Amino acid sequence: YITPKMLQFRLQKIMDEYVAGVSTFYQTNAKMLEMAEKKLVMIREDSLKMRAKDLHELLRAWENYHRILAAEAHMRHIQYRTETRYPGYYYRTDYNYIDDENWKCFVNSKYDRDTGKWELKKVPYKQLIKD
């Protein structure tokens, strides 16, 4: 069995090392994201073996299921956008350019829990406040 705290540490390490975290200086690429996807599948399988010794740990265990889903959504959004974001967010080293024409858009995602598939699409950005 794995404790909720240890699973949370493992998830944080995956996101930090493969999905543009501080240990990689906010840099990632397609191969690192592919590896993160595999590791997130593994951690999802391991999450079925979480144990809780009290109600507080039970709450933490339940939060971890949501954290894994949020982490996967974040990783999928970075995979979908193939450009470097502005400084302070993340850098795609395989697409190391800032695309000023296409960066102003949103990525919407939908997760189908029955099939486990993600659907992502770009939605245009609309400037509400004029300069």
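# Contacts, salt bridges and strands

Q: At what distance does the side chain of N64 reach the backbone oxygen of P4?
A: The side chain of N64 makes a polar contact with the backbone oxygen of P4; such a contact is a pair of N or O atoms within 3.5 Å, in which, within protein, one must be able to donate a hydrogen and the other to accept it, and residues adjacent in sequence count only if both atoms are side-chain atoms. This is a predicted model, in which local features need pLDDT of at least 70 and side-chain atom pairs count only at pLDDT 80 or more, while totals for chains, interfaces and linings use all residues. Residues are numbered from 1 along each chain as its sequence is written, and side-chain values use heavy atoms, with hydrogens and water left out. The distance from the N64 side chain to the P4 oxygen is 2.9 Å.

Q: Is N64 buried or exposed?
A: N64 is found in helix α3; helices are DSSP runs of H or I with at least four residues, strands are runs of E with at least two, and both are numbered from the N terminus. Not counting residues up to four places away in sequence, N64 touches P4, L7, Q8 and M50, where a contact means heavy atoms within 4.5 Å. A residue is buried under 20% relative accessible area, exposed over 50% and partly exposed in between (1.4 Å probe, protein chains only). Because the relative accessible area of N64 is 1%, the residue is buried.

Q: In what order do the elements of the protein chain run from the N terminus?
A: The protein chain has three helices and four strands. Its C-alpha trace spans about 55 × 30 × 30 Å along the principal axes. From the N terminus on, the elements run α-β-α-α-β-β-β.

Q: How many salt bridges does the count come to?
A: Side chains of opposite charge can pair when their charged atoms come close. The rule requires a side-chain nitrogen of Lys or Arg within 4 Å of a carboxyl oxygen of Asp or Glu. By this rule the number of salt bridges is eleven.

Q: How many residues apart are R44 and E72, whose side chains meet in a salt bridge?
A: The side chains of R44 and E72 meet at 2.8 Å, N to O. The pair links distant parts of the chain, with R44 in helix α2 (residues 30–46) and E72 in helix α3. R44 counts as partly exposed because its relative accessible area is 31%, whereas E72 at 9% is buried.

Q: In the salt bridge of D94 and R92, which residue is buried?
A: The closest N and O atoms of D94 and R92 are 3.1 Å apart. D94 has 34% relative accessibility and therefore counts as partly exposed. With a relative accessible area of 2%, the buried residue is R92.

Q: What is the bridge partner of V107 in β4?
A: Two strands pair if DSSP finds at least two bridges between them. Strand β3 (residues 105–112) and strand β4 (residues 117–124) pair in the antiparallel sense over eight bridges. The hairpin has four residues between the strands, and its G116 takes a positive phi near 75 degrees. In β4, V107 has as its bridge partner K122.

Q: What accessible area do L48, W62 and Y65 have together?
A: W62 is found in helix α3, and at 53% relative accessibility it counts as exposed. L48, W62 and Y65 form a nonpolar patch on the surface; patches are made of residues with over 30% relative accessible area and no salt bridge, like charges being joined within 9 Å and nonpolar side chains (Val, Leu, Ile, Met, Phe, Trp, Tyr) within 5 Å. Accessible areas come from the Shrake-Rupley method with a 1.4 Å probe, and for residues only the protein chains shown count as cover. Together the three residues have an accessible area of about 370 Å².
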